[in-house]
Amino acid sequence: MKAKVYFSRTITPEMVVALCEKTGKKLPGKVAVKLHTGEVGNQNFIKPVFWKPAVEMVHGTVVECNTAYGGERDTTEQHIRTLEKHGWTKMFTVDLLDAEGPDMELSIPNGKRIKKNFVGKDLANYDSMLVLAHFKGHPRGGYGGALKQLSIGIASSAGKAYIHGAGEPEKIWTSEQDAFLESMADAASSIVDYFKGNILYVNVMKNLSVDCDCCAVAEDPCMKDIGILVSEDPVAIDQACMDLIYASEDPGRDHFIERVETRNGAHTIEAAEALGAGTREYELIEV
């Protein structure tokens, strides 16, 4: 059965809400809103004011986790300063899921590369999740979208190193590429299973740089903005974004695709589908 992916070329905060409402999906209980709060120095991340109506729509709490690399978000103290600097704490209630240990461990019995996922323990306080992803390129993963937010995004600092190293944290930057991509898919599937379908995904295709929002020095966008996509399926929404990139006639398209293909980025989508986290077969419903 094909997944439904709602799409609009209009990129506004109000359109995010409208597309979410089109799905008819209701997120029960206490809602965690996972988004990327941006590394200090990054110019491309989506700012708090854009996400405000979506967060308010679900009466959500913005959630983040510490990073596993040097920067200004790798310790709780520094991350809190960055959240304040970027305006997140002024506009929202923010929960740094792994601010204090110990991490929560999720089992991945059918994981191809990793059999467990380490996430911030505060994840246990939430009943459902709204994943607000900025779709863009990524230096290691090729691209970043819903699946990356589910995996690296929700993993604790230690959990991020565990995924990157495909179960061997000491190999955080030296693991075999497909092993890393498959570990991301494994971790993403554990979050899908944890929330038992109570997740809605938003991918915003703007500021389309080949670099991630985690880069303090990121390349400027190479393509024009494309639109907003919303789905209940993380695999379908990422696949739809990739298909829109390939179908684009934008002169920067080849540069973006080169980043994805040289990292075999689409393999994350394939691996997540193989685990049952979603389907690559979808119906694009343009609004």
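**A guided tour of the predicted model**

Begin by selecting the charged side chains of this predicted model: the protein carries 31 positive and 42 negative ones. The centres of these two sets lie 2 Å apart.

Next, display the whole chain as a cartoon. The protein contains 10 helices and 12 strands. Its C-alpha trace spans about 45 × 40 × 40 Å along the principal axes. The radius of gyration is 17 Å, which agrees with the value near 19 Å that a compact globule of 287 residues would have. Among contacts with a separation of 6 or more, 76% join residues 24 or more positions apart.

Of the 287 residues, 60% are buried.

Hide the surface and turn to the interior. In soluble globular proteins, nonpolar side chains tend to be buried together. Select Leu123, Phe135, Leu150, Ile191, Met205, Leu229 and Phe256: within the largest nonpolar core, which has 51 residues, these touch the most other members. Then colour helix α8, residues 234-247, which supplies the largest share of this core with 8 residues.

Centre the view on Leu229. Which residues is Leu229 in contact with, leaving aside neighbours within four places in sequence? They are Val5, Tyr6, Phe7, Tyr201, Val202, Asn203, Met205, Ile237, Ala240, Cys241, Leu244 and Leu284.

Finally, select Trp51, Val62, Leu83 and Trp88. These residues belong to a second, separate core of 28 residues.

Terms used. Residues numbered from 1 in each chain as written. Predicted model: local features only at pLDDT ≥ 70, side-chain atom pairs only at ≥ 80, totals over all residues. Heavy atoms only, no water. Core = buried A, V, L, I, M, F, W, Y, C linked by side-chain atoms within 4.5 Å. Buried < 20%, exposed > 50% of the residue type's maximum accessible area, 1.4 Å probe, protein only. Helix = DSSP H or I, 4+ residues; strand = E, 2+ residues; numbered from the N terminus. Contact = heavy atoms within 4.5 Å. Rg over C-alpha atoms; globule rule 2.2 N^0.38 Å. Lys, Arg positive; Asp, Glu negative; His and termini not counted. Charge placed at Lys NZ, Arg CZ, Asp CG, Glu CD.
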